[in-house]
Amino acid sequence: MIKKASEINELTPWQEMTIGGEIYEGGTASLVNTGDWRTATPIFINDKCKHCMLCVPFCPDSAIPVKNDKRLDFDFMHCKGCGICAEVCPFEAISFGKGKK
Ligand code: SF4
Ligand code: SF4
């Protein structure tokens, strides 16, 4: 039986994939541990954060969770370590270091 793109993972046999790997629905990386590729890691400095949320829409991987109007620590399962959040934070509440957390 052919599976939906959201049901496919690295263990799915080719017989259950669409011909040519075509995708017939919206794509999402949320089901994949894309943070595995990270070679640098942002560090959230909670004391300096003003919860202005500027970093949130800049993150290309939606890896900055927000709850009850507060930004939370990074979602390292999906953060790829691009460093954009550290660049845009006006309060130096994000530092950046080499390596994976
Ligand atoms: S380093 Fe890049 S991917 Fe990770 S949280 Fe910051 S903006 Fe998002
Ligand atoms: S941009 Fe900086 S101060 Fe604003 S929510 Fe993000 S980490 Fe906090």
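Trainee: Which domains does the domain assignment of the chain give?

Mentor: This is a predicted model, where local features need pLDDT of at least 70, side-chain atom pairs count only at pLDDT 80 or more, and totals for chains, interfaces and linings use all residues. Residues are numbered from 1 along each chain as its sequence is written, chains are lettered from A and ligands numbered from 1 in the order in which they are written, and side-chain values use heavy atoms, leaving out hydrogens and water. Domain bounds come from an automatic or database domain assignment. Here that gives domain 1 (1-26) and domain 2 (32-98).

Trainee: Which residues are the closest around ligand 2?

Mentor: A residue counts as near if one of its heavy atoms lies within 4 Å of the molecule. For ligand 2 that shell holds 13 residues. The closest are C49, C52, M53, C55 and C89.

Trainee: And around ligand 1, which are the closest?

Mentor: Ligand 1 is surrounded by 14 residues. The closest of them are C59, C79, C82, G83 and C85.

Trainee: Why does C55 count as buried?

Mentor: Buried means under 20% relative accessible area, exposed over 50%, partly exposed in between (1.4 Å probe, protein chains only). C55 counts as buried because its relative accessibility is 7%.

Trainee: How many disulfides does a search of the whole structure find?

Mentor: A disulfide here is a pair of cysteine sulfur atoms within 2.5 Å. Searching the whole structure, the count is zero.
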